[in-house]
Amino acid sequence: MHYLVLERWSRGDSSFHRLDARVKIAALLLYLVAIATTHPFRWSAFAAFALLVLSGVIAARLPLGGMLLRAAAVLPFTATFAAISALAGDTDAAFRLLARSYASALGVLLLAASTTMPALLHAASSLGFPRILVLVLQFLYRYLFVVTDQAQRMRSAALCRGSALRRGAKRERFRAASGVLAVLFARSYEKAQGIERAMLARGFDGRIHLLSSPRLAWRDAAFLGLAASATLGLRFLLTISA
Amino acid sequence: MTPLIDARKVRYRYADGTLALDGVDFQLFERETVALLGPNGSGKTTFVLHLTGLLHGEGIIRVCDLAMSKKNLPKIRARIGMVFQDSEEQLFLPTVLEDVAFGPRNLGLSPEEATRRAKLALEQTGMEEAAARAPYHLSAGEKRRVALAGVLAMSPEILVLDEPTTFLDPPAERDLVRLLRELPQAKILVTHDIPFARALATRAVFFEKGKIAGHGSIDDVVRRFQWEI
Ligand SMILES: Nc1ncnc2c1ncn2[C@@H]1O[C@H](COP(=O)(O)OP(=O)(O)OP(=O)(O)O)[C@@H](O)[C@H]1O
Ligand SMILES: [Mg+2]
């Protein structure tokens, strides 16, 4: 039904996927801090951190090319700032900016592609992330499906009734499309209202009481130990060697 | 005997001006199973939404001797379990088990007790295998059953089921009839499925244009309103 690549990847079945989301979050946080605090951040540092993540990508049996490509999605944002630095004559800073953000994005992507959103949110809340934040994310995720689902259905319905057969003027097509968009939002809104009603009927009082999280297994602990020592080790080696 | 549900002169107009309920009087007594029949758009769903205070129009509604007021709403919602016409709306938590445990947790039960009840309810509805799956990826009939489990897990005193048999395959419908027969609760079944209503209901009321146009035994009502194919 849904074509979100990340969603599909995250439902994969590798031992990396099966690690407890809490240790993956902890490892990611360590990794991000290490990247941010490694000085100087040269090619060697970039390569070392990237290799670290890529070993995770391989362990999770995720498509290497697809991951590298998708992590590049952050580049346009940092590129602007990098360009400013470069124009100001500080090409080193420009490189650092791009390399750091790309390496960070790779790490975040690895977490997102190897952990289902529900597991991620669950872990976030049991790690003490603010409840309201987790709740909002949870609804965002739920409603994302509501909206994409509605859109998908409307599209199929339109196609079944031959909407692709007629090629109207651009202007007319634009008008039709905007009408459809309005209906999409109205329908999604009604759905959202229905969901709210269903929650209220089951006694929802504004707080979601989650079931308790399972205990960490020894392999989760082992992973965290490994990831932490690799990340911190890298960081110290890179700083000392400089 | 005081009725479990006592609704008098309920009137409701939607924001767009549609008069959906036009003076409905209705009672539900202990151990009864009442079928709400009637044409599309006659106000059945609108009416049952009033019973849990999800809509409120004019008129008086009492549930288990509690007046419909903001203060009483949590108590009322703990007593009426409602399965919605569109069960997809009922499911919003990441996994089936968590979704089914959502109601019991709201009742203030411990995670362990909520899990125990959720598992039991999933067993009752034949969905225990799906406990770890994401509810919105299930088939329509499976969603239905999970939604029902979510309500059963709260052990309400009254069950309100809006079109419970749509999307169910014949064996699942048969299982549902068997399950509902075993449950001691008073029930309201909103349905177009006459064999299903016949199998369970002790009486029927017929909605028409926002009013109750008649009531009696299922066979009476079906005959009077020619309510069969
Ligand atoms: N959100 C809404 N806004 C405006 N009108 C509505 C809304 N929901 C329902 N209605 C209207 O209220 C009337 C009663 O609707 P209701 O859903 O209660 O009917 P129903 O008896 O449950 O029908 P069905 O058998 O098709 O489920 C209908 O005319 C319907 O168009
Ligand atoms: Mg209805």
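Here is a quick tour of a predicted model, from its core to its surface and its chain interface.

Start inside. The largest nonpolar core counts 39 residues, and A:Phe49, A:Leu62 and A:Met67 have the most contacts within it. Six helices of chain A, listed below, each give two or more residues to this core.

| Helix of chain A | Residues |
|---|---|
| H3 | 21-37 |
| H4 | 43-59 |
| H5 | 64-71 |
| H7 | 91-114 |
| H8 | 117-126 |
| H11 | 218-241 |

The top contributor is H7(A), with nine residues.

H8(A) has its own set of buried residues: A:Pro118, A:Leu120, A:Leu121, A:His122, A:Ala123 and A:Ala124. After this helix comes A:Gly128, with a positive phi near 90°.

Now for the outside. A:Leu127, A:Phe129, A:Ile132, A:Leu133, A:Val136, A:Leu137 and A:Leu140 make up a nonpolar surface patch of about 630 Å². A:Leu140 sits in helix H9 of chain A, residues 131-160. It counts as exposed because its relative accessibility is 56%, and the cut-off for exposed is over 50%.

Finally, the partner chain. Chain A puts 30 residues in contact with 32 of chain B, and the two bury about 2700 Å² between them, 60% of it on carbon and sulfur atoms. One salt bridge turns up across this interface. The side chains of A:Arg202 and B:Asp99 meet in a salt bridge at 2.8 Å, N to O.

Definitions and conventions
Residues numbered from 1 in each chain as written. Chains lettered and ligands numbered in written order. Predicted model: local features only at pLDDT ≥ 70, side-chain atom pairs only at ≥ 80, totals over all residues. Heavy atoms only, no water. Core = buried A, V, L, I, M, F, W, Y, C linked by side-chain atoms within 4.5 Å. Buried < 20%, exposed > 50% of the residue type's maximum accessible area, 1.4 Å probe, protein only. Helix = DSSP H or I, 4+ residues; strand = E, 2+ residues; numbered from the N terminus. Patch = residues over 30% accessible without salt bridge, like charges linked within 9 Å, V, L, I, M, F, W, Y side chains within 5 Å. Areas by Shrake-Rupley, 256 points an atom, 1.4 Å probe, with all protein chains shown as cover. Salt bridge = Lys/Arg side-chain N within 4 Å of Asp/Glu carboxyl O. Contact = heavy atoms within 4.5 Å. Buried area = accessible area lost by both parts, 1.4 Å probe.
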